[in-house]
Structure formats: structure tokens, C-alpha cells
Amino acid sequence: QVQLVESGGGLVQPGGSLRLSCAASGRIFLIYAMGWYRQAPGKQRELVAGITSDGSTNYVDSVKGRFTISRDNAKNTVYLQMNSLKPEDTAVYYCNADLVVLGRPRADYWGQGTQVTVSS
């Protein structure tokens, strides 16, 4: 019914940048908040950044000033611009969307995840 497809992950050196994208497709009626989570090996999944339908944003303290979340409502797409990357940013990054599918109740949907590795 709904797919969240992420792209943009990869290997980057410390101090480098990456831009993640996540496009939602399917019989979507309305998207509320969208966000990016990450999960490093042996750690719990954590919220990295979120953005509401009206553009309000929030970030985990460890990425403030380095990461920027944005969205294009016309394209049902959310982005995460990651600058000044550090080795501790290494994780699988997951896209999340709180949305309503036609004929179904409001629910959370997840992407498949994209690996980000920060290493020299």
C-alpha cells in the first residue's frame, strides 16, 4: 500500500557530508510528521530529526548544528542533509512517516534503511 524508499547513504570520511532522501508513495491521503531515525550496532534506534507538516523541526542534541531536515510536501519526500560527519554518526538510517492511507487508519510507516559509514 505504502512504500518509503530511502537513498543517499554510503561511505564518507570524517568531516564530510551526505544527503539522505526518502520518498513516500502509494495511496497516501495525508502525511503528518516525517523523520529520520538511526540504529548503530548494539544500540537502540534513536530519533535523529523530525519535521511536522507545517515545517517545525526537532533534532537530537548530538546532531544539532550539523544536520538539517527538510521536506517537499508536493513530492511526499523528506531529506536529511548531514554535514561535519563524525564516526559516531555511523549507523543504519531509517525514514519514518506518520500518515493516512486512503481507507485505512493513521499509522507509522518505515523505510528499509540505508547504511551511513563515517570512516577514514
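## The disulfide

A disulfide joins C22 to C95, with the two sulfur atoms 2.1 Å apart, where a disulfide is defined as a pair of cysteine sulfur atoms within 2.5 Å. By this rule the count for the protein comes to 1 disulfide. The link connects distant parts of the chain, since C22 belongs to strand β3 (residues 18-26) and C95 to strand β9 (residues 91-101), and the two cysteines are 73 residues apart. About the S-S bond the angle is -80 degrees, and the link of C22 and C95 is left-handed. Both cysteines, C22 and C95, are buried; here buried means under 20% relative accessible area, exposed means over 50%, and partly exposed lies in between, with a 1.4 Å probe and protein chains only.

## How the model is read

This is a predicted model, in which local features need pLDDT of at least 70 and side-chain atom pairs count only at pLDDT 80 or more, while totals for chains, interfaces and linings use all residues. Residues are numbered from 1 along each chain as its sequence is written, and side-chain values use heavy atoms, with hydrogens and water left out.

## Overall fold and dimensions

The secondary structure of the protein consists of 0 helices and 11 strands, so that the pattern along the sequence reads β-β-β-β-β-β-β-β-β-β-β. These elements are DSSP runs numbered from the N terminus, with helices being H or I of at least four residues and strands being E of at least two.

For 120 residues, a compact globule would have a radius of gyration near 14 Å, and the protein agrees with this because its own value is 14 Å; the radius is taken over C-alpha atoms, and the globule rule is 2.2 Å times the number of residues to the power 0.38. Along the principal axes, the C-alpha atoms fill a box of roughly 50 × 25 × 25 Å. Of the 120 residues, 41% count as buried. Among contacts between residues at least 6 apart in sequence, 54% join residues at least 24 apart, a contact meaning heavy atoms within 4.5 Å.

S21 is found in strand β3, and it counts as buried because its relative accessibility is 18%. Not counting residues up to four places away in sequence, S21 touches V5, E6, S7, W36, V78 and Y79.

L47 lies in strand β5 (residues 46-51), and at 32% relative accessibility L47 counts as partly exposed. Leaving aside its neighbours within four places in sequence, L47 is in contact with W36, Y37, N58 and V60. The C-alpha atoms of L47 and G16, which are 31 residues apart along the chain, are separated by 21 Å.

## Two loop residues with positive phi

N76 is found in the loop between β7 (67-72) and β8 (77-82), and its phi is near 50 degrees, a positive value in a residue other than glycine. With a relative accessibility of 26%, N76 counts as partly exposed.

S84 is found in the loop between β8 and β9, and although S84 is not a glycine, it has a positive phi of about 50 degrees. At 41% relative accessibility, S84 counts as partly exposed.
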